[in-house]
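Student: I would like to learn how to read a structure like this one. Could you walk me through a few features?

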Amino acid sequence: MHLFRIFALLIAVLVTTSARAEVLPVVEVCSVCRCLEDVEESTVAVECLGESLRHDQQRNNHRLDLRGIVWPVAKDRNGTLKVRAYFADLELHYLPKLPTSTSLIELHFENDSIKSLLTEPFDNFKNLEVLSITNNALASLDKDFFTAPNTLLKLDLSNNSLTAVTALERAHFQALESIDLSHNKLKAVSHQLVRALESVSLVRLEACDIYNWDSGDRPTRWQVLNLNRNKLTVVSATTFASLERLEALYLAYNEIQHIDPQAFEGLKLLERLDLSYNHVTNLEANLVLPEALTMVNVAGNGMERWPFDKISQNLRILEIQNNAITDLSTGQQVSVIILNASNNRLDTFAGDSFPEVTELDLSFNALTDVPRNLGKQLRTLVLDGNPMQKVFFETEVPLSLLSLNSMPELTDLDAFSFWKLVGAESEKEQDCVEIRISNCPKLRHIDAKAFEETSICKLDLSYNQLTSIPQTLVNWDDLHGGINLQGNPLNCDCTEQWLVDVILPKLYDQEDLQYLLDDLRCASPANRAGKRLVKYLNHRDAFCGGGGSNSGGPRMERLQMESGSRRPSAAIAVDSSDEIAQAGFLSRIICSVDDPDCLHAHEGHGLVALGVIVAVTLILAITMVVILVVRRLRPNPPVSSDGVWLMRSKY
C-alpha cells in the first residue's frame, strides 16, 4: 500500500513537472531574420543582427529562441539547398544546441557574448563546413566538441579568452584545412593538440601568450604556422622538427634571443621565414637555412652586421630594416630582387653584392652621396631621410621611381644632377621616371637644368622651401601623372606668371589632379600672401599688371566653353575672402557654389549682358547724333574786330 502511494506520488510529480515544462516556440528563422536567396547558386544567407531583432521583439513582444528555429529547406524535394547563417550581437551568454539541418554549411557567431558551449553542440550538422565563434568570451573549451565524424573545413575561435582547448584534443577533424585560435590566452600548445590537428594546412596562433611549444615527433601536414606576438624565447633544434611540410613560419614580435643552428634544417619546403622584432642580435655563423627560402625578414633585431654566413640563391625578398648595420658587404652575390635596408647606419652601399635587385630601400641611413653600382635591373630607389647636401648620379640607373623625401640637409639641386637617370620602361611602355622630392626643410633652390636629359612623367616638389620654380625645369607637357608644387613659399611676382598660364590649367582640367591645387599658395608679396594660386586661373598677367589681383582683366578665352562641358570640382573653389573676376560672358560656374562671395555665372546670363551693352551703345550713339545736328542748326555769332585781327594774324 505504501509502495503504491509512493508510485502514485512520483507519477503526479512527473505530470506536474511536464505540465510546467517550457514549451519552445517554433518559428521560421526567415520570418524574424533577413534571408537572401540566390536561386542560381541554390543558397540562402540567413542574417540575424541583434539590434534589428531587439527592435522587432519590442514591437511584437516575442523573443527569438535559437532552440526552436526552423531552417530554410529546398522548395523541391529532390533539390539541394546550402544555408549560410550569421548571428551577431545577440547577447547569448551560452550557445544552446541548435535544431538539426542537413542544408547548413556555414555557421557564424560574432560579438554574441558567448561564455560557454553545451556538450556536442554541432554534431547534428553533418554537412557543416565553416564554423566561426569569434569575438566572444569563451574562457575554456572542455566539453565534447565534434567527437563524431564531420566535414568541417574551417574553424575560427579567435578573439576569445581561451586558456584551455582540451575539447579540441579529443575532436576528430578528418577534413579540417584551417584553424584560427589567435588572440586567446593559451600560453602553451601540447603535442596532443598538434596531433589532433595534424591534417590541417593553416594554423593561426598569434597573440596567445605562448611561451612553451611542444609539437612532438609525429609528422603533420601543416603548411603555414603563425606564432607572431607570443612569448617564445628560444628556438631549439626540435621546436619545429615535426613540421617538415611547413612552407611559411611567422615568429615576429616574440622574445627570441637564441636560435639553434639546426632549428630550420629539417624544414626542406620552407619558403617564408619571419624573425622580425625579436632580440636576435646575431645569428649563428653556421645557421642552416633551407634552400627553398624565397623570403626572409630579420627586421628590428638590433643586428650590427650582415647576419648570414650562407644564404640561398633562391632568396628573392630580404627585409633587414630597423637594425644597426653599418656594412652590407656579403662576401657573395645575393640574388634578391626586393631589398629593404632602411633605418640602419649605412654610409655606403655594396651594390655589387645585389646585382639583381629591382626595388631598393636605403632610406634613413647615413648616406651622404648617391650610391654607385646600383645595377641595371633597379626600378625603384628610395633614399629618403639621408643627410645628403647635394644629389648627383654618377652612373646610369634605369628607374621608374626615385624618392628623395625628408632629406634634412639637402639645400640645392644643381644642373645635371639627374643626367644619368634613365626612365625604365614600365607595363605601360613608358620610358620615364616618377621623382619625389618632398618635405626637405632646407631645399630652397633648383637649377633650371637640374633635370636635363631626364625624362619625367610625374614630379613631386611639395612642401620644400622653394620661392621660385624655373619654367624650363622640365617639359611640363610630359608630366601626365601629376605636378605637385604645394606647400612651398612661392613668390608670386611676374617671373612666376607661367605657373598661372601653364601649370594651373593642366591641374584644373583633370578632376583627378585637382587635389594638387588645395595648398598651392602664394607666400609673397604681402597683398597675395596666403592666397591660393587657383584664384588667378582666369586672370591674364595676374602677377605682371601692377600688382592688383584684377589687373589685365579676365581671360575670356578660357571661360567661353561649350555648354555641354563638365563643371569643375569644388576642389578648385576660390577662398571666400578672394576677389572674384567680373566677367560678362561666362557659360558655367567658375567657383564653389557654397562660396557667398563667388560670382555664379550661369548659362544664359551672357545673352542678357550682351543685350544691355548693345542697348546702352545705341542710346549713346543717338545722343551724340542729336547733339551734332543741334550745333549745326544754331546761327553763327557775329565776328568782333578782335576776331578779325586774330584771323589775319594767323595767315
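Tutor: Let us start with Phe 392, which sits in the loop between β24 (380–382) and β25 (397–399). Helices (H or I, at least four residues) and strands (E, at least two) are DSSP runs, numbered from the N terminus. Keep in mind that this is a predicted model, where local features need pLDDT of at least 70, side-chain atom pairs count only at pLDDT 80 or more, and totals for chains, interfaces and linings use all residues. Residues are numbered from 1 along each chain as its sequence is written, and side-chain values use heavy atoms, with hydrogens and water left out.

Student: Is Phe 392 buried, exposed or partly exposed?

Tutor: Buried means under 20% relative accessible area, exposed over 50%, and partly exposed in between (1.4 Å probe, protein chains only). Phe 392 has 37% relative accessibility, so it counts as partly exposed.

Student: How many disulfides does a search of the whole structure find?

Tutor: A disulfide is a covalent bond between the sulfur atoms of two cysteines. Here the cut-off is a pair of cysteine sulfur atoms within 2.5 Å. The search of the whole structure finds 4 disulfides. One of them joins Cys 30 to Cys 35, with an S to S distance of 2.1 Å.

Student: Why is the disulfide of Cys 30 and Cys 35 called left-handed?

Tutor: Because the torsion about its S-S bond is about -95 degrees. Cys 30 is partly exposed at 33% relative accessible area, and Cys 35 is partly exposed at 26%.

Student: What about Cys 492 and Cys 522?

Tutor: Their sulfur atoms are 2.0 Å apart, forming a disulfide. Cys 492 lies in the loop between β33 (490–491) and α6 (497–508), and Cys 522 in strand β34 (residues 522–524), so the pair ties together parts that are 30 residues apart in sequence. Cys 492 is buried at 1% relative accessibility, and Cys 522 is buried at 4%.

Student: Which handedness does the disulfide of Cys 494 and Cys 544 have?

Tutor: The torsion about the S-S bond of Cys 494 and Cys 544 is about 105 degrees, so this disulfide is right-handed. Cys 494 is in the loop between β33 and α6, and Cys 544 is in the loop between β34 and α7 (556–559), so to speak distant parts of the chain, 50 residues apart. Cys 494 is partly exposed at 43% relative accessibility, and Cys 544 is partly exposed at 32%.
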